[in-house]
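My notes follow as numbered points, to be read with the model open beside you.

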Amino acid sequence: MKPAQRLPLSVFLVLTVTLSVNGGNILVWYTEGSHWINLKPVLDTLIDRGHHVTVLVPSSSMFINTSESSRFRYEPFNVSISKKEMEKIMHDVLQFLIYDMDHMNYWEIFLKFLETTKVNLECSLKLLDGVVKSETMMKRLREGNYDLLLSDPIYSGSELLAEMLDLPLVFSLRFSLANNWERHCGQIPAPPSFVPIAMSRMTDKMNFFERVLNFYLYALQDIVIENTFWKDLDAYYSEVKGTPTSACKMMSNVDIWLMRTYWDFDFPRPFLPNFKFVGGIHCRPAKPLPEDMEEFVQSSGDAGVVIFTLGSMVKNITREKGNTIASALAQIPQKVLWRFSGQKPETLGSNTRIYDWIPQNDLLGHPKTRAFVTHGGTNGIYEAIYHGVPMVGIPLFGDQPENLVHMKAKGAAVDVNFKTMTTEGLRDAINAVINNKSFKENAMRLSKIHHDRPLSARDEAVFWIEFTMRNKGAKHLRVHSHDLTWYQYHSLDVLAFLLSVVLLSMFVFIKTCRFCCRRCCSRRKNKTE
């Protein structure tokens, strides 16, 4: 074939492959809050690559407005729980975690935690009812001819829907409580000797007593989760399917686990072929700031600016705390951009401007940014790592204290206790991070690690989503340990066999020695006689 004839064929093959890769039809499980913020950039990239994206949205969604124009299609469904009820549940959880825990003993905290877990699961199952128990909804989804289900499993049920629709399933997950899902359902190894349990606030360098505590926490939380979360979820799945069903066993069929962490943030640990670490999938280069904001930033001169935000979940703080923070910010030489929607503090300094919303990523990427005061959410921390900005952490709840333990261990942050915070303590923490060059150097080192990878986090996540679609799943990456019993996994049957062989050998050896001794003694006795 002549080159001129080969060219159109080559172009045709390239176009065919491109269309086969980029023409996927993706269904997205519903999520909320910072989880939705984290997922949206991945969906935008998938659309840029020619895929069709449909997002399931419950009628009670707190963060997704289906009436707004969007590049992806929304699939709304009705649920028996209202938006107000969802907001109340969220408010009660935050109230407990931020304020009420200080006035409870350990037993009261444990009971409240169990109650909160039960309420959250009941809420999750009510949302799930609107999909799997709705004949109309299931009919629409079956007719959608989807190629893959993408899920952030903060709300349970995506693995059940994936099986009912016979779709490959990709998880996007930061971590589960006690890493229970990853360890028991995903089978990822987690030796308690150097892999600290999630939210334990320990590092991988544990002393003997910390290792004892880590081992105990793994065992205790596994028992609690098994008898609360999994027990109720198993009953629900069994009801829907009509046969006894293990929710964890169903979760073990997840094709790819996209873990939203990376070695710039996390401690090294073993992992499996279908676990991909893509921390920072939402990060991107900074864009220009709005004109008035840029003018304020430039007015800071050589001192630079400090960015202050407590995240999207906390809308307000007490008047006393607001004044404490404002007073501390007024005493630093930098200009401050503070995301705050509460009453304007009386102690607010002239160097501080309050905003209902700020372009956080763009500010962190600005050359005049000197420090980031943050609640310690994963999204914000990863944006700070991406741009190499040192941090002052004020953790409030959830994984935030744990996240800041990681950043402190890597030398890129200090933390301040929100409940006991003073004006002087916050001021000194900000000054320390800005004036001690080691914090900036460590932040830049983490940024270099983050960028020094074959693909960006987002591109890697998109690659594995497309990989799963191209191959109709990724079962060839699933380890055989899923099909082993617990004693086979730990080789206890092999150890029992080897121990039996050793004991049998010792028994035969002892019996042989005794027999030989008797024969020898018997011959001597006969000679003597």
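1. A word on terms before the sheet: two strands pair if DSSP finds at least two bridges between them. Helices (H or I, at least four residues) and strands (E, at least two) are DSSP runs, numbered from the N terminus. With that in hand, strand 2 (residues 52-58) and strand 3 pair in the parallel sense over 5 bridges. Within this region, Pro 58 has Phe 77 of strand 3 as its bridge partner.

2. Please keep the origin of the coordinates in mind: this is a predicted model, where local features need pLDDT of at least 70, side-chain atom pairs count only at pLDDT 80 or more, and totals for chains, interfaces and linings use all residues. Residues are numbered from 1 along each chain as its sequence is written, and side-chain values use heavy atoms, with hydrogens and water left out.

3. Now the overall picture. The protein chain holds 19 helices and 13 strands, and its C-alpha atoms fill a box of roughly 115 × 70 × 60 Å along the principal axes. Of its 529 residues, 50% are buried (under 20% relative accessible area; exposed is over 50%, partly exposed in between, with a 1.4 Å probe and protein chains only). Contact here means heavy atoms within 4.5 Å. Among contacts between residues at least 6 apart in sequence, 67% join residues at least 24 apart.

4. Next, helix 4 (residues 106-132) and helix 8, whose axes come within 11 Å and cross at roughly 20 degrees. The two helices are therefore roughly parallel to each other (angles under 35 degrees; over 145 is roughly antiparallel, 65 to 115 roughly perpendicular and the rest oblique). Residues making the contact include Phe 110, Leu 114 and Lys 118 of helix 4, and Val 224, Thr 228 and Phe 229 of helix 8. The contact residues divide into 12 nonpolar, 1 polar and 3 charged. In this count Ala, Val, Leu, Ile, Met, Phe, Trp, Tyr, Cys and Pro are nonpolar, Asp, Glu, Lys and Arg are charged, and the others, Gly among them, are polar.

5. Helix 8 (residues 208-241) is also the place of Asn 214. Is Asn 214 buried or exposed? Asn 214 counts as buried because its relative accessibility is 0%. Leaving aside neighbours within four places in sequence, its contacts are Pro 192, Val 195, Pro 196, Ile 197, Met 202 and Met 206.

6. Finally, have a look at Glu 135 in helix 5 (residues 135-143). Glu 135 is exposed, with a relative accessible area of 72%. From Glu 135 to Pro 401 there are 266 residues in sequence and 43 Å in space, C-alpha to C-alpha.

Terms used. Axes are lines fitted to C-alpha atoms, for helices over the stretch in contact, and angles run from 0 to 180 degrees between N-to-C directions.
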